[in-house]
Amino acid sequence: MLTPAVSDDLSKFVRLEAAGKADGCPAASAGRGLFGLDAEALAARMVEVGEPAWRSRQLAEALYRQRVTEMDAITTLPKALRQRLVSEGWLVGRPQITQVFQSVDGTERYLVQSQGLSGAETVETVWMPEGDDGETGDGSDQDAAEEAAKRHRHATICISSQVGCAVNCRFCLTAKLGLQRNLTAGEIAGQVVAVFSRHAVEVGRDRVNLVFMGMGEPFLNYDNFMGAVRLLVREVGLSPQRMTVSTSGIVPGIERVAAEPLEFRPKLAISLNAPNDQIRSEIMPINRKWPIQSVIEAVRRVKLRPRERITFEYVLLGGVTDRLKDAAEVARLIRRTGLPAKVNLIAWNPGPGIEYSTPQSEAVEAFRRTLIDAGIPAYLRKPRGRDIYAACGQLKRTVEG
Ligand code: SAH
Ligand code: SF4
């Protein structure tokens, strides 16, 4: 949901469109959505209406691969069956992009609305394009069409898991909303499918990373979050190795994700954000419940894949967490864990009513250098489309390839 102050930020973006809704809304809001159901649940629905269970494969293909938004577009189902499903109140019910804001660098921020929800309740999803593999970039005379065909796009999609958030980190804009509600698995996975559809993403060819770093704390909506991951792996065809879930340090959630089978386990990012418990508890009150060492102990239970690293996110708050002594302390803390780790540094994005300051660029660079000199890979989030993240209270610069 947008606060008026966030709307001010949006004036920096080109508002492109308010996309129409599918399924002939508003009547659609009264229906029962198919999107979000996994193959077993779809099979059960089919059996319920007297159809063979194998029709669920056709449905899953249409919903998650062909990205249909209307029942009538599921042409693999007999017309009479489609009509019957509609008359019985079924609809596709995929979340829809209702507004698009585009930054000059190609970053796009969307308001995504669940089908059947009130107009005000939207979540934010972000598309961050990256370079093309196939681009020669040297003005050579390669045929444009051939070049385009060779392109493997890189992009990152930042996904929300809740409307608002209950965690109350002092520097975060989403915290100001409080928790409004959990998203369902379909509403979480639907953000990805809606953006894939908009950008005609070809799964298997385009390299798209997903980061669960939008609004909300994924581990306080664990079942729906993991339900979305399973849908994205099984039905959409994505690899969990291209997904990163970020948590403020919800220990039971970290323990649960550590126990997930590898075929569904996303990579893990911990929002460390402070060099010690004292500062962390001030800026992230959740630290009083689960202090740094308890988070680290939970992280140790995650069986890492070869070359996999734990990401520590670190928001730099001017004068509070960005000092050289903080950097040295963070370096010691991470080295002591012995975990294969990297740090993503994020300069704090200001938000209305939040009394912190953005760090000086020299302080950011000195911080990064201190970590690198201590042997810890440290990256600075690119400033692309940064107002987008300021608006969300998020940011991203995660998966390094
Ligand atoms: N709730 C999860 C995921 C969403 S927040 C979590 O906290 O990890 C994603 C990231 O954005 C977190 O690392 C958080 O520390 C960071 N963040 C939140 N507000 C920010 C702001 N105003 N500026 C910079 N980073 C911010
Ligand atoms: Fe919630 Fe993450 Fe924001 Fe903290 S930083 S309030 S956990 S969204």
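**Figure 1. The R256–D223 salt bridge.** R256 is partly exposed, with a relative accessible area of 41%. In this predicted model, its side chain meets that of D223 in a salt bridge, 2.7 Å from N to O. R256 sits in helix α8 (residues 251-258) and D223 in helix α7 (residues 222-236), so the pair ties together parts that are 33 residues apart in sequence. D223 counts as exposed, at 51% relative accessibility. The cut-off for exposed is over 50%.

**Figure 2. The D206–R153 salt bridge.** The side chains of D206 and R153 form a salt bridge, with 3.1 Å from N to O. D206 belongs to the loop between α6 (185-198) and β10 (207-212), while R153 is in strand β7 (residues 153-158); the pair therefore ties together parts that are 53 residues apart in sequence. D206 is buried, at 7% relative accessibility. R153 is partly exposed, and its relative accessible area is 22%.

Figure 3. R369 and D373 both lie in α12. They are 4 residues apart, about one turn of the helix. Their side chains meet in a salt bridge of 3.4 Å, N to O. R369 is partly exposed, with 39% relative accessibility. D373 is exposed, with a relative accessible area of 59%.

**Figure 4. A salt-bridge network.** E51, R55, R84 and E88 are joined into one network by salt bridges that share partners. The structure as a whole holds 21 salt bridges.

Figure 5. Helix α11 spans residues 324-337, 14 residues in total. From its first C-alpha to its last it reaches 20 Å, close to the 20 Å expected at 1.5 Å a residue. Its buried residues are D326, A327, V330, A331, L333, I334 and T337. They lie on the same side of α11, because they cover an arc of only 165 degrees around the axis. L324, K325, R335 and R336, on the other side of α11, are exposed.

**Figure 6. What covers helix α11, and what follows it.** Several elements cover the buried residues of α11. Among them are the helices α9 (277-283), α10 (292-300) and α12 (361-373). Strands β13 and β14 (341-347) also belong to this cover. After α11 comes G338. The phi of G338 is positive, near 70 degrees.

Figure 7. T311 is part of strand β13 (residues 310-316). T311 is buried, with a relative accessible area of 4%. That value falls within the buried class because the cut-off is under 20%. Neighbours within four places in sequence are left aside here. T311 is then in contact with L268, A269 and I270, and also with K342 and N344.

**Figure 8. The shell around ligand 2.** The residues around ligand 2 include C165, V167, N168, C169 and C172. A175, G216, E217 and S248 complete the list. By class, the shell has 5 nonpolar, 3 polar and 1 charged residues.

Methods
Residues numbered from 1 in each chain as written. Chains lettered and ligands numbered in written order. Predicted model: local features only at pLDDT ≥ 70, side-chain atom pairs only at ≥ 80, totals over all residues. Heavy atoms only, no water. Helix = DSSP H or I, 4+ residues; strand = E, 2+ residues; numbered from the N terminus. Buried < 20%, exposed > 50% of the residue type's maximum accessible area, 1.4 Å probe, protein only. Contact = heavy atoms within 4.5 Å. Expected span 1.5 Å × (residues − 1). Arc of directions from axis to C-beta. Salt bridge = Lys/Arg side-chain N within 4 Å of Asp/Glu carboxyl O. Near = heavy atom within 4 Å. Nonpolar A, V, L, I, M, F, W, Y, C, P; charged D, E, K, R; others polar.
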